[in-house]
Protein chains: 4
Amino acid sequence: MLVSRENHPADSVIKVNNTTVGGGNLTIIAGPCSVESEEQILNIARAVKENGATMLRGGAFKPRTSPYSFQGLGKEALNYLSIAKKETGLPVITEITDVRELELFDDIDVIQIGARNMQNFALLKEVGKSSKPVLLKRGYSSTYEEFLYSAEYIMAEGNENIILCERGIRTFEHYTRNMVDIACVPVIKKMSHLPILVDASHGTGKHELVEPLSLAAVAAGADGVMVEVHDNPDEALSDGSQSQTVARYAAMTEKLRKLHEMMKEI
Amino acid sequence: MLVSRENHPADSVIKVNNTTVGGGNLTIIAGPCSVESEEQILNIARAVKENGATMLRGGAFKPRTSPYSFQGLGKEALNYLSIAKKETGLPVITEITDVRELELFDDIDVIQIGARNMQNFALLKEVGKSSKPVLLKRGYSSTYEEFLYSAEYIMAEGNENIILCERGIRTFEHYTRNMVDIACVPVIKKMSHLPILVDASHGTGKHELVEPLSLAAVAAGADGVMVEVHDNPDEALSDGSQSQTVARYAAMTEKLRKLHEMMKEI
Amino acid sequence: MLVSRENHPADSVIKVNNTTVGGGNLTIIAGPCSVESEEQILNIARAVKENGATMLRGGAFKPRTSPYSFQGLGKEALNYLSIAKKETGLPVITEITDVRELELFDDIDVIQIGARNMQNFALLKEVGKSSKPVLLKRGYSSTYEEFLYSAEYIMAEGNENIILCERGIRTFEHYTRNMVDIACVPVIKKMSHLPILVDASHGTGKHELVEPLSLAAVAAGADGVMVEVHDNPDEALSDGSQSQTVARYAAMTEKLRKLHEMMKEI
Amino acid sequence: MLVSRENHPADSVIKVNNTTVGGGNLTIIAGPCSVESEEQILNIARAVKENGATMLRGGAFKPRTSPYSFQGLGKEALNYLSIAKKETGLPVITEITDVRELELFDDIDVIQIGARNMQNFALLKEVGKSSKPVLLKRGYSSTYEEFLYSAEYIMAEGNENIILCERGIRTFEHYTRNMVDIACVPVIKKMSHLPILVDASHGTGKHELVEPLSLAAVAAGADGVMVEVHDNPDEALSDGSQSQTVARYAAMTEKLRKLHEMMKEI
């Protein structure tokens, strides 16, 4: 397989504008679950930029269990992301949910494939034809092998800029929304040359668990984390209970940076 | 919700050409995992038609874990299905995996959404705009609630012709490919007015378990079964080990029909 | 292995007093989750006896998640079971939870090992030294192989009178208490010569699902069912929501008997 | 509940001979899966003592899936553990599997209740009557709530010296033997005052994954780790593939100690 380490012993380093993912860098992707307004995304973008983020996240097209839940602002959100990008210089990442949306992603720096679409092979092939970096999330009941085969669908089409992301799997335990599988990090590192991040916001569904799980991810060798930050979690239109406040996020990021430095020495 | 029984107390009966699904009928959808050639699909179509099938299945666009596995014959397979339909009079069902394929499905009678795409909301919305019957398979780690919400995505767009299908969920037990959740049948019947079938071929991954699980499904109140039949399972291009021979299928179908009649009397 | 069908091609038939389990008989074990009083168990015993039960169940030593939940009446309950047995002639089954309790089980006809103790090997060995029939429940996250190895622990000590019982496994779906794995029936039948029952009361946790799942079990080839019946489910000291009323139980049993007869003919 | 933090806001610190578990200490329990001979346990005991272990583990009574697998040396192993304890000064921990074995544990410092016995309530009550520290492992499909209720069974009998241990849960992924649930650490810390360790040897089943998962555990706030070490993993009588060599263990322990110190500063 193209994604296997056997085939490519050195770690892949993915260039995203002025930043890189993998290769010893600590990537911190932060931002709201959904882009809710220009003001909201700008406020959060400035705050996470000041506090160590290397990339800005924000959902435009939201895959929601119910058709009656807030579905995201769509194109409008893409525009707001562009504005936030111009203002802060942060590369932006947002999720694609439909092959026909790709043409709207011109100013987006990283295209995210969400957990529900990890085996949406038509979508994988489509982003594989692009040269834009793709962040591929693990499906919530997908094996490591299936995860890597999905990355292979993208790479087989020619796009080598793939970032993997563990975001929790589904188990019998419902205290947390999902269960972060930290072993995924060293296993994927062994099997593949691709960088891997951990999203503990979706992975736990509880803001107070994001820090310990993100620290665990970095200690286990993850190339970074993805984290939901909201300037007002209690009024977020989606996933408020798993979003960190800016203050909480800032404190966590400082710890993550220190831990990441320390891990190089031990 | 539109799909809920509260909202629509009577069972929905879905008309598919000259046959109906639900309403006390026993639906038997049979055929190969993949359409492999005109000869193959014609042979199997004739055989299942003679042995009680009410619909012919056959994969054209195959969602495969690996990009290097046989991906189906695509458009060519759709043509072969049309020929088999003309010859046998059986309505045909095949899976859609890409919103852009829909225009090719004109002569297909039922559009299948597979387990991996149960939460491919763009695809759900697209088939929801069609008036063709849709068979929606439960994702292999989806809850009943998520299953029904995905049906709701289709119905909210205007398409009321939805057939549900339980096809096994993923658990710790790997002796079987998946684990058929028979409780799904009475639970969905209670929650929703839509008909529900059981696919024990994918549900077990073992041809010798298809009969006992299909009998169980009918005893529990399922509106029918979906079953993989191959004229030469050992040489099938996909899923051979879970495909029944024609003889085995014929014997099973006879038992299912008898059981279905008996269940009305007890 | 002693329990494997390879080693013993014919079905084992387990004699329990005046009744037999396996060998084409339909075993119906019915009774309350817990024995609550002499009057309660006598009332229920008479009612289930009149309505087709072949054995009476009733918990004396209850394994409860919390130490503060009702733990069963213990020895007192064993006495009440003896009285109910004398009055109705039904063999009685109750669960053992401690190797030191075995001496109290003299008048009990079948010793039950519950799901939580499926791998309590000390207990398995202890009942293996007895000659009393043992009903072994599958652990709620145990594989088929582990299930049979636990039976092997009993048989390796000399006790061949083993009845297996599937009672639902734990999955991500929490609408039901557990998920009844109907495939367990034909798989165990293939692998082993031991009879197997299905307990849909624990398997679903919902009284309205006990009938469809029990019917499914019999259609799939189970040797019988285990079912919780209470004369007043709403006031049961344990598991009320999964207990059937006597009337509901009686109606179900009649259907099960008819189905079981029919299955021999198809 | 007695084990809940509400009831006891300060962290519990468990004294084990000359060492303490919890309270900011890093506990490292190391040793072979099974005690195989006096020489083996002495060799390993000396090696782990020299390399930062605070306690020696070694199985005497082994709960094995198959009755035909090596069941441990029993009493003989307890003697060898005593000898190793005398020689190295390390407190020793070994698993109990039968209420009747407790009297043999006089010279054992910590009694382990294994995952399979987490809901063996008779055993929990028995060790609850002792005053010896108990290490309680989480069942491989047990919820956090069930885990704490099992600890409550012990404490309700009067024994407050309880150490919890996450050792991996069972999921659909079989690349690893189990899946280490790192979230268990901060969740249990929030809910309870008891110390919690992580056993990444059982948790992953692969020796090369023990280090990254143990590091993750410490980063997430665990009070220590439990780890299988063998002087000759390839010839271990049980669990060889998940056992670290002494050299590998030594390197890991050094990293764990450094990380633990650093975590206090960040």
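**Exercise 1. The D–A interface**

Task: In this predicted model, work out how many residues of chain D are in contact with chain A, and which elements of chain D supply them.

Solution: 
- Step 1. Count both sides. Chain D puts 31 residues in contact with 31 residues of chain A.
- Step 2. Find the elements. Helices H5 (184-191), H7 (207-219) and H8 (246-265) of chain D each give two or more residues to this side.
- Step 3. H7(D) provides the largest share, six residues.
- Step 4. Sort by class. The side of chain D that touches chain A has 21 nonpolar, six polar and four charged residues.

**Exercise 2. Helix H5 of chain D**

Task: Decide whether H5(D) is mostly covered or mostly open, and state what its buried residues pack against.

Solution: 
- Step 1. Count. Six of the eight residues of H5(D) are buried, and the helix is mostly covered.
- Step 2. Name them. The buried residues are D:Cys184, D:Val185, D:Pro186, D:Val187, D:Ile188 and D:Lys189.
- Step 3. List the partners within chain D. These are helix H4 (144-156), strand E8 (162-166), strand E9 (196-199) and H7.
- Step 4. Cross the interface. The buried residues of H5(D) also pack against helix H7 (207-219) of chain A.

**Exercise 3. Strand E10 of chain C**

Task: Explain why E10(C), residues 224-228, is described as largely enclosed, and identify the strands that pair with it.

Solution: 
- Step 1. Check burial. Five of the five residues are buried, so E10(C) is largely enclosed by the rest of the structure.
- Step 2. Take one partner. Strand E3 (residues 27-31) of chain C pairs with E10(C) in the parallel sense over five bridges. Here C:Thr27 stands opposite C:Gly224.
- Step 3. Take another. Strand E9 (residues 196-199) of chain C pairs with E10(C), also parallel, over three bridges. Here C:Val198 stands opposite C:Val225.

**Exercise 4. B:Ile162**

Task: Classify B:Ile162 as buried or exposed, and list the residues it touches.

Solution: 
- Step 1. B:Ile162 lies in strand E8 (residues 162-166) of chain B.
- Step 2. Apply the cut-off. A residue is buried with 20 or more other C-beta atoms within 10 Å. B:Ile162 has 26 C-beta neighbours inside 10 Å, so it counts as buried.
- Step 3. List contacts, leaving out residues up to four places away in sequence. B:Ile162 touches B:Val134, B:Leu136, B:Ala151, B:Ile154, B:Met155 and B:Leu194.
- Step 4. B:Ile162 and B:Tyr175 are 13 residues apart in sequence and 32 Å apart, C-alpha to C-alpha.

Methods: Residues are numbered from 1 along each chain as its sequence is written. Chains are lettered from A and ligands numbered from 1 in the order in which they are written. This is a predicted model: local features need pLDDT of at least 70, side-chain atom pairs count only at pLDDT 80 or more; totals for chains, interfaces and linings use all residues. Two residues are in contact if their C-beta atoms, placed from the backbone, lie within 7 Å. Helices (H or I, at least four residues) and strands (E, at least two) are DSSP runs, numbered from the N terminus. Ala, Val, Leu, Ile, Met, Phe, Trp, Tyr, Cys and Pro count as nonpolar, Asp, Glu, Lys and Arg as charged, and the others, Gly among them, as polar. A residue is buried if 20 or more other C-beta atoms lie within 10 Å of its own, exposed if 12 or fewer, and partly exposed in between; C-beta atoms are placed from the backbone. Two strands pair if DSSP finds at least two bridges between them.
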